[in-house]
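Visitor: I am new to this structure and would like a close look at a single part of it. Please show it to me, and then I will ask about one place.

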Amino acid sequence: MRKLTIIIIFLITINSNAQIPVVSSGKIDHYEKFNSGFVDSRNIDVWLPDGYNPEHKYAVIYMHDGQMLFDSTKTWNHQEWGVDETMTKLNREKKIRDCIVVAIWNIPEKRHAEYFPQKIIDSIPVNTRNIILGKQIKVAPLADNYLKFLVNEVKPFIDSHYPTYKDAGNTFIMGSSMGGLISLYALCEYPETFGGAACLSIHSPLASFELIDKNTDADVSSKFRSYLVRNLPKANTKMIYLDYGNQTGDSLYGPYQKALDAVIKMKGYNKAHWITRFYPGESHSEKSWSKRLDVPIEFLLRRRK
């Protein structure tokens, strides 16, 4: 009787969640309120491609803002990245290695706290730091714990439940805006874990849009560039993709992105391992990111000769 009760509760938990994304290709394994000792529990979706074979091995892309990736009928702005469509298209064209996608949902009220590169906070001038902490991060900084969650809890779970290549050369991280920042930060903090980062519309000013002013570069974004000078992995040992548009929020990024690019170039990265793309006419939105998603995915996952 006890076994029957446990099974019934499990089925209710799995089937009662209306937020499970519907995909046009492949399959979603949905993990409701994945528990963590580092951050708040949250949902995780694992996308498996058509023809998924548990006897075969797969590369892995870990993606932030997981609830925005697959199904626009369930997102707050009715937009999506179209990850399943893009991955399937590239698979059919044989442009990428076999790969699964791990989509980690955000906690909206803690998104800035989890995605703001934590180790630069103490280097920000005190007045600006207090504004960032009070008006942007709002709670205790959580980025380092968020990365511990990914590396020490999520990745071991994925590697033990799916047939993955566990090495850094087959493990990638991707996000947009603040999700781009935490992806690049993750590459620096855990170079033994991640082989590359794709950062779409990376939020290069770091300060939230309403806090950007004439002091932002000197007080905030330059501190991240200094961090990169010290911590970016050795040139051409990792894959780095950055991009930006020039509409809506992306319209602010040009000068900050050029300064960021200068650091990566100075560190010695070549075009085979780092690209920055400018997309005129594109905005800070899932609609724009979905149009060009094939570019970073193919860059990270291109087939080895």
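Visitor: Leaving aside its neighbours within four places in sequence, which residues is T216 in contact with?

Guide: A word on the source comes before the reply: this is a predicted model. Setting aside residues within four places in sequence, T216 is in contact with P205, A207, L211, S221 and Y256. T216 itself is found in helix α7, which covers residues 216-231. Its relative accessible area is 2%, and because the limit for buried is under 20%, T216 counts as buried.

The backbone oxygen of A207 lies 2.5 Å from a polar atom of the H203 side chain. H203 is placed in the loop between β6, residues 196-200, and α7. H203 has a relative accessibility of 2% and so counts as buried. Beyond its neighbours within four places in sequence, H203 is in contact with S177, M178, L181, S208, F209, I212 and Y253. Between the C-alpha atoms of H203 and W105 the distance is 19 Å, and the two residues are 98 apart in sequence.

S177, which is on the contact list of H203, can be followed next. S177 sits in the loop between β5 (171-176) and α6 (178-189). Although S177 is not a glycine, its phi is positive, at about 60 degrees. With a relative accessible area of 6%, S177 is buried.

Another residue with a positive phi is K94, at about 55 degrees, and K94 is not a glycine either. K94 is in the loop between α2 (83-92) and β4 (99-104). At 59% relative accessibility, K94 counts as exposed, whereas S177 counts as buried.

L48 belongs to strand β2, residues 42-48. At a relative accessibility of 3%, L48 is buried. Apart from neighbours up to four places away in sequence, the contacts of L48 are G26, K27, D29, I100 and Y162.

T276 is part of strand β8, residues 274-279. Its relative accessibility is 25%, so T276 counts as partly exposed. T276 touches L242, Y244, Q257 and D261, with residues up to four places away in sequence not counted. The side chains of T276 and D261 are joined by a polar contact of 2.8 Å. A polar contact of 3.0 Å joins the side chain of T276 to that of W274. T276 and D243 are 33 residues apart along the chain, and their C-alpha atoms are separated by 5.2 Å.

R302 lies in the segment after α10, residues 294-301. R302 is partly exposed, at 35% relative accessibility. For A272, the backbone oxygen lies 2.6 Å from a polar atom of the R302 side chain. For M239, the C-alpha to C-alpha distance to R302 is 11 Å, across 63 residues in sequence.

These details belong to a protein with 10 helices and eight strands. Of its 305 residues, 56% are buried. A compact globule with 305 residues would have a radius of gyration near 19 Å, and the protein has 19 Å, which agrees. The C-alpha trace spans about 65 × 45 × 35 Å along its principal axes. Among contacts in the protein with a separation of 6 or more, 76% are between residues 24 or more positions apart.

As for the surface, the accessible area of the protein comes to about 13,700 Å², and carbon and sulfur atoms hold 55% of it. The protein has 39 positive side chains and 33 negative ones, and the centres of the two sets lie 5 Å apart.

To return to the request, T216 is in helix α7 and is buried. Its contacts include A207, whose backbone oxygen lies 2.5 Å from a polar side-chain atom of H203.

Methods. Residues are numbered from 1 along each chain as its sequence is written. This is a predicted model: local features need pLDDT of at least 70, side-chain atom pairs count only at pLDDT 80 or more; totals for chains, interfaces and linings use all residues. Side-chain values use heavy atoms; hydrogens and water are left out. Helices (H or I, at least four residues) and strands (E, at least two) are DSSP runs, numbered from the N terminus. Buried means under 20% relative accessible area, exposed over 50%, partly exposed in between (1.4 Å probe, protein chains only). Contact means heavy atoms within 4.5 Å. A polar contact is a pair of N or O atoms within 3.5 Å; within protein, one must be able to donate a hydrogen and the other to accept it, and residues adjacent in sequence count only if both atoms are side-chain atoms. The radius of gyration is taken over C-alpha atoms; the globule rule is 2.2 Å times the number of residues to the power 0.38. Accessible areas come from the Shrake-Rupley method with a 1.4 Å probe; for residues, only the protein chains shown count as cover. Lys and Arg count as positive and Asp and Glu as negative; His and the chain ends are not counted. The place of a charge is taken as NZ of Lys, CZ of Arg, CG of Asp or CD of Glu.
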